[in-house]
Amino acid sequence: MQNKIVILGSGIAGISAGYHLKEKGQKSIIYEKDNDWGGLCGNFVIDGFRFDRFVHFSFADNEYIKNIFSNSCDFLEHVPYPNNYYKGYWLKHPAQNNLSILSTDEKIKIIIDFINRPIKEVKDIKSYDEWLRCQYGNYFAEEFPFKYTRKYWGLEAKDLETKWVGIRMSSPSLEEVLKGAFDLQDKCFYYAKIMKYPTTGGYRSILNKCREGLDIRFNKEVIKINTEKKEILFKDGSKEKYDRLISSLPLPEIVKFIDNCPTNILNTANKLHWTCGYQISLGFNKPNIAKDLWFYIYDEDILSSRVYSPNLKSPDNVPEGCSSLQAEVFYDCKIKIDKPEDVLNNTITKLIEMKLFKKEDLIVKDIRFEKYANVTFTPDIYENRQIILDYLNNKKIESIGRFGKWDYLWSHQAFETGMEVIK
């Protein structure tokens, strides 16, 4: 008799695991606490406007994964030219390479501090604060990424380590800074030169083929896991036995469900940091509200840190003749969160002040909260993460996905964790 394989979560990693098991002739049951599949790659529709649950593009470099996604849907391709809003200025991204629109006085401050920035060996840089000062100089660091860090991560730059940065931040030469200070740049400096998005159906369409034939059971929220009996208890009172358990549940959540989980494991999980946040989704009765695929906002009186355009990602995301924006507001998991009505009002008011639209243009407005948005890289993350993963491994629970692996994973990387657990 075949072993019963249970997968917790029908996000991109859970779907990947179920698909790759099926390809090997093995059945699995995927349990999902929501009433639909896709996790943070899923979407929702309001009056014909489709909005993703947080924003994704595909730029997978693994040929196998690229082919799976391509066999699931047709794609639109975008060259990423994001923008930045700063004190009423619109700077091309990254701001450090595109200073020309700023005042002469501010450009001088940025360039002088860039030339005189601290020089340190990588091994001697102890925090993201130091890394930013060494990369860009004090003035730019304090005016741009320090402010954005508070908005995006909910922490100060000094409270983050740096291994997560990788290719995500552009590090210009003096020549590039000077050139961008005098002339408008046409070059794409973004780390991914082509970003793909499904033509129809929202981002989760990349999983259409993988989703086919999988046994996904919805509205099944886990509340207890007995690893001795190999039994899962769900909120609806039902139980499920398993022989093999694969989980994409966030590490701080799953340890709370395990019977007799040691206090030191629970305490370690409590030390982990992550961001939670609101998605503010806006629909308009005009076709040309959105000018940029996405943009960043540095002003701290504006709660939104990033704003994307679903209709520029794909026209299929809006009714004909309409357009849309989706803003993101993030918080550190340990701090008090603003009320949704206050966040919604701030977002709409500030975007109107930025002259992006008029009040009468707005026909759809929606705000939703996600408990888990991204993993935060505080200095103790690696030690604490490993302690929990070792414990789960000892309990024969296999972790996958962004929050199961507790890592800063792009969607194709999260998909890959679902592949790897089946090998």
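This is a predicted model: local features need pLDDT of at least 70, side-chain atom pairs count only at pLDDT 80 or more; totals for chains, interfaces and linings use all residues.
Residues count from 1 along each chain as written. Local features need pLDDT of at least 70, side-chain atom pairs count only at pLDDT 80 or more, and totals for chains, interfaces and linings use all residues, while side-chain values use heavy atoms, leaving out hydrogens and water.

**Exercise 1.** Find the buried residues of helix H10 (residues 263-271) and work out where they lie around its axis.

*Solution.* Start with the terms: helices are DSSP runs (H or I, at least four residues) numbered from the N terminus. Buried means under 20% relative accessible area, exposed over 50%, and partly exposed in between (1.4 Å probe, protein chains only).

Step 1: Ile 265, Thr 268 and Ala 269 are the buried residues of H10.

Step 2: Looking down the axis of H10, these residues fall within an arc of 100° (taken from the directions from the helix axis to the C-beta atoms), so they line one face.

Step 3: On the face turned away from the buried side, H10 carries the exposed residues Thr 263 and Asn 270.

Step 4: The cover over the buried residues includes helix H9 (251-257) and helix H13 (381-394), where contact means heavy atoms within 4.5 Å.

**Exercise 2.** Describe how helix H1 (residues 12-23) packs against helix H15 (residues 411-420).

*Solution.* Step 1: The angle is about 40° and the axes are 7 Å apart. Axes are lines fitted to C-alpha atoms over the stretch in contact, and angles run from 0 to 180 degrees between N-to-C directions.

Step 1: Now look at who meets whom: Ser 16 and His 20 are among the H1 residues that meet H15, whose contacting residues include Phe 415 and Met 419.

Note on methods
Helices (H or I, at least four residues) and strands (E, at least two) are DSSP runs, numbered from the N terminus.
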